[in-house]
Amino acid sequence: MIDWDVAVSTARRLVRPGPPTTSEEARATGDELRRLVPIAEGHVAAITGLTIPDLDIPVAVVDRVGWVQANVEGFQVVLTPLVDKITARRSDRSTGLLDAVGPKVTGVQVGTLMAYIASRVLGQFELFLAAGGPGRLTLVAPNIVETERRLDVDPHDFRLWVTLHEVTHRTQFTAVPWLRPHFSGLVERFVEASDLDAAELISRLKSAVGAVRDAATGGGGVSMIEAVQTPAQRAVLSEVQALMSLLEGHADVVMDAIGPDVVPTIAEIRRRFDERRKGSGPVDRIIRSLLGLDLKMRQYAEGAAFVRHVVDAEGMARFNIVWTSPETLPTEAEIRDPQAWIGRVLGGLPDAADGA
């Protein structure tokens, strides 16, 4: 299906170089980011009220190529069920179109997309590792340095602010034991909902062409990623979007809750960073629309609004009831209407109820 070696080599060739730094500066940046992780852990625990288990979770400070390599490994883990499904169907000679496209062509396409994203992502908590384990906290040093320079903000403040966001994600997936298998289950359901029928695939590719046209002309509509999804995948996607909105919004709220006593320039960082999220130009905005990155920006905004509304109305302890089970997660509609979630989940609980 995908030649992952071709994907990596393509990304290596196309990814933009990082900002100019000396070896001493690069080493100092990596050292500081690693030192900030335990500091961020203490702040995240105090703000969220979530208990971080004592797990041996590695921290990786990587460059852009290192991010590509790490994510290719993760994609291979996630896509194994789909690859097995395609392999089984090939015995029935029903995937001729996919065979004609070829794994190398697909590898070039994936590598091109990863090269674009690799120059923008600041960090992540990796759930899917080839070696297994509870995950890995990854910070992309050249992107953090480039962003802080472009925004003209205090480097130490910005690095702590970014680290708070990623440590919050690590806390979510480690302090809430059922969250990781639940998320993995959604991914598996999404992959299993793939329709590999050639006629259906052609139809969805036509929809993708339409999405490209709309993005190029400013017509809005769905992203290219959404356009090639099956109806069954779109149903699962609603659950995925609601969960991602919650996770990203929660992390954004934690970032901003830290206060100027810890991050003195936090207000300026937030204002300038939000401007960066809007995209730097028309071509960048077109690409973001095609890849569904604008959807991710809406997830930040809607999720943060949901979390702030519930915390302001009910307090952090009662908000933390969201982490009780999959049934207490907000739906996509409830993300946009937090009062509906409060009524459904908190309505029958006493005011003194504890969080997760």
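Me: In which sense, parallel or antiparallel, do strands E1 and E3 pair?
Reply: This is a predicted model, in which local features need pLDDT of at least 70, side-chain atom pairs count only at pLDDT 80 or more, and totals for chains, interfaces and linings use all residues. Residues are numbered from 1 along each chain as its sequence is written, and side-chain values use heavy atoms, without hydrogens and water. Helices (H or I, at least four residues) and strands (E, at least two) are DSSP runs numbered from the N terminus, and two strands pair if DSSP finds at least two bridges between them. For E1 (residues 59-62) and E3, four bridges are found, and the sense is parallel.

Me: Which residue of E3 is the bridge partner of Glu126?
Reply: Strand E2 (residues 123-126) pairs with E3 in the antiparallel sense, over four bridges. For Glu126, the partner in E3 is Arg136.

Me: How many of the residues of E3 are buried?
Reply: Buried means under 20% relative accessible area, exposed over 50% and partly exposed in between, with a 1.4 Å probe and protein chains only. Arg136, Thr138 and Val140 point one way from E3, Leu137 and Leu139 point the other way, and burial applies to all of them. Strand E3 (residues 136-140) is thus mostly covered, with a buried count of five of five.

Me: How far apart in sequence are the parts that the pair of Trp161 and Phe273 ties together?
Reply: Rings of Phe, Tyr and Trp (its six-membered ring) pair if their centres lie within 6.5 Å; planes under 30 degrees apart count as stacked, over 60 as edge-to-face and the rest as tilted. Among the nine aromatic pairs of the structure, Trp161 and Phe273 are edge-to-face, at 5.2 Å centre to centre and 85 degrees between the planes. Both Trp161 and Phe273 are buried. Because Trp161 lies in helix H7 (residues 155-175) and Phe273 in helix H12 (residues 266-277), the pair ties together parts whose separation is 112 residues.

Me: Which helix holds Trp341, the partner of Phe306?
Reply: Phe306 and Trp341 form an edge-to-face pair, with 5.6 Å between centres and 75 degrees between planes. Phe306 and Trp341 are both buried. The pair links distant parts of the chain, 35 residues apart: Phe306 belongs to helix H14 (residues 293-314), and Trp341 to helix H17 (residues 338-346).
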